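I opened this entry to keep track of what I looked up, element by element.

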Amino acid sequence: MSLTLVRDPQLTPALREELADLWLDVSQAGGAVGFVPPVTAEDIAPVMRGQLDDVTAGGARMLGAYEGGARGRLIGTAFLKLNSHHLMTHWCTLVTVMVHPALQGGGRGKAMMREAIEMARDLDFQAVRLGVRGGEGTERFYETVGFKEVGRVPAAIRVAPDDHRDDITMWLPLV
């Protein structure tokens, strides 16, 4: 595994294109990153633009995972969403955590999560929050890097008219 983790990569047109492709591949494979298959690039584009606009405006930070060095292919991401409410600026939320489906299971996700946690520490956050779609089993993965389930809203996520999933809140204290 040749993995390079880059904090706050430059948001070039090439990176934007790679991110769009990655997000589409993860979504089409059933990854819980805001969509359910079938999904199109056109569905993802406005959400991705909004998230990258948030990074540009300073409301979020990006971690990029690359295979083959910093100039290699983007194969994963994690975004640290910063809180603007003055009573909650001491913690951040991890969003759009994904690794390309063909590369999952080889330790890349765990390495990326550890770096995202260190990034949050380096930014002086005291905790990290993470939302997880129930029914996927991903909460067990996040537990392996220290997150604990602290809340669950039953059937809060509707992935299909007859398929409702729990919205699971996970928490990782950093101090």
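I began with the backbone just past helix H2, where Gly58 takes a positive phi of about 90°. Helices here are DSSP runs of H or I with at least four residues, strands are runs of E with at least two, and both are numbered from the N terminus. I note that this is a predicted model, in which local features need pLDDT of at least 70 and side-chain atom pairs count only at pLDDT 80 or more, while totals for chains, interfaces and linings use all residues. Residues are numbered from 1 along each chain as its sequence is written, and side-chain values use heavy atoms, with hydrogens and water left out.

**Helix H2**

I looked up the length of H2. The helix covers residues 41-57, 17 residues in total, and reaches 24 Å from its first C-alpha to its last. That is close to the 24 Å expected at 1.5 Å a residue, the expected span being 1.5 Å times one less than the number of residues.

Next I asked which residues of H2 are buried. They are Ile44, Met48, Gln51, Leu52, Asp54 and Val55. Buried means under 20% relative accessible area, exposed over 50%, and partly exposed in between, with a 1.4 Å probe and protein chains only. An α-helix has 3.6 residues a turn, so residues three or four places apart point the same way. The buried residues of H2 pack against helix H1 (13-28) and strands S2 (60-67), S3 (73-82) and S4 (91-99); contact is taken as heavy atoms within 4.5 Å.

**Pockets**

I then searched for open space. A 1 Å grid is laid over the protein atoms alone: a cavity is a set of points where a 1.4 Å probe fits but cannot get out, a pocket is an open set with protein on both sides within 12 Å along at least five of seven lines, and lining residues have an atom within 4 Å of a point. Grid points are joined across faces, edges and corners, and a volume is the space filled by probe spheres set on the points.

The largest pocket has a volume of about 820 Å³. It is lined by 35 residues, and the closest to its centre are Ala32, Val33, Val97, Thr138 and Tyr142. H1, H2, S4, helix H3 (108-122), strand S5 (127-133) and helix H4 (138-143) each supply at least two. By class, I have 19 nonpolar, 11 polar and five charged residues in the lining. Ala, Val, Leu, Ile, Met, Phe, Trp, Tyr, Cys and Pro count as nonpolar, Asp, Glu, Lys and Arg as charged, and the others, Gly among them, as polar.

The second largest pocket holds about 150 Å³. Its lining includes Pro9, Gln10, Tyr66 and Arg71, and H1 gives the largest share, three residues.

**Salt bridges**

How many salt bridges does a search of the whole structure find? I get 10, counting a side-chain nitrogen of Lys or Arg within 4 Å of a carboxyl oxygen of Asp or Glu.

Arg7 pairs with Asp122, the closest N and O atoms being 2.7 Å apart. Arg7 is partly exposed at 31% relative accessibility.

Arg152 forms a salt bridge with Glu149 and another with Asp166, with closest N and O atoms 2.9 Å apart in the latter. Arg152 is in strand S6 (residues 148-160) and Asp166 in strand S7, so the pair ties together parts 14 residues apart in sequence. I also noted that salt bridges with shared partners join Arg7, Glu115 and Asp122 into one network.

The peptide bond from Pro37 to Pro38 is cis, with omega near 0°. Pro38 sits in the loop between H1 and H2.

Thr96, which is not a glycine, has a positive phi of about 50°. I place Thr96 in strand S4, and at 12% relative accessible area it is buried. Ala155, in strand S6, also has a positive phi, near 55°. Is Ala155 buried or partly exposed? I list it as partly exposed, at 41% relative accessibility.
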